[in-house]
Amino acid sequence: MTSLALRLPPSTTPTAPKTFLSTPLAVFLDSGGTLSMLPSSIVRPLAAAFPGAQNVGSGQYTVPCSAMNQTGFVDFGFGEKIIRVPWKEFVWFVEPGLCALGLMEGGEGTHILGDTFLRAAFGMLLFPLSRTLHINSHFHGFYLFRFLSFCCLGKEEQEFWSFGVLGCY
């Protein structure tokens, strides 16, 4: 991951996105983990900038559930690709009246992007010979993946995969 930025909901005074990553960071994509985990040096300032976020200990933060209805975004950069995750996907609805920031402190050696990143914005299929295909978007509880890039795929493979993939998440 090469960048991370918080985009606050639009207001009468436009604001630039707040950035929280200055050097590239190797991350692990984990569809089995609900929250994303990044170093506290990234999470703490992002949480401080997220409206209404409260530190509840253990590196976790609650946020007002109303944030899910706002038009803010968290932008994850991978080279020239920006994956924009809306707050409605990034905020984790725990139970009525209790929502959590989709990002928690994981220590300086823990860099995981979990479901709060994956379910809304980004999936990855790994192919033989280190070929990687990026896929994006969803439709009504099913995920319709459209391809963002064909990294190292030949013309025949591009034609095979260009129809998209539909599956339950």
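**Entry 1**

I started at Leu 98, which sits in strand β10 (residues 98–100). For my own reference, helices (H or I, at least four residues) and strands (E, at least two) are DSSP runs, numbered from the N terminus. This is a predicted model, where local features need pLDDT of at least 70, side-chain atom pairs count only at pLDDT 80 or more, and totals for chains, interfaces and linings use all residues. Residues are numbered from 1 along each chain as its sequence is written, and side-chain values use heavy atoms, with hydrogens and water left out.

The cut-offs are: buried under 20% relative accessible area, exposed over 50%, partly exposed in between (1.4 Å probe, protein chains only).

**Entry 1**

Next I looked up an open sheet of 4 strands, in the order β2-β1-β7-β8 with antiparallel pairing. Its edge strands are β2 (18–19) and β8 (81–86), each of which pairs on one side only. Two strands pair if DSSP finds at least two bridges between them.

I followed β1 (residues 3–7) to β7 (residues 73–78): 5 bridges join them, and they run antiparallel.

**Entry 2: rings**

How many aromatic pairs does the structure hold? I noted 4. Rings of Phe, Tyr and Trp (its six-membered ring) pair if their centres lie within 6.5 Å; planes under 30 degrees apart count as stacked, over 60 as edge-to-face and the rest as tilted.

One of them is Phe 50 with Trp 87, tilted, at 4.3 Å centre to centre and 35 degrees between the planes. Phe 50 lies in the loop between α1 (40–49) and β5, and Trp 87 in helix α2 (residues 87–90), 37 residues apart. Both Phe 50 and Trp 87 are buried.

I also checked Phe 76 and Phe 90: their ring centres are 6.3 Å apart with planes at 55 degrees, so this pair is tilted too. Phe 76 is in strand β7 and Phe 90 in helix α2, so the pair ties together parts 14 residues apart in sequence. Phe 76 counts as buried, at 0% relative accessibility, and Phe 90 gets 0% as well. Ring pairs link Phe 76, Phe 78, Phe 90 and Phe 117 into a cluster.

Last, I looked at Ser 58, which has a positive phi of about 55 degrees although it is not a glycine. Ser 58 is in the loop between β5 (54–57) and β6 (60–63).
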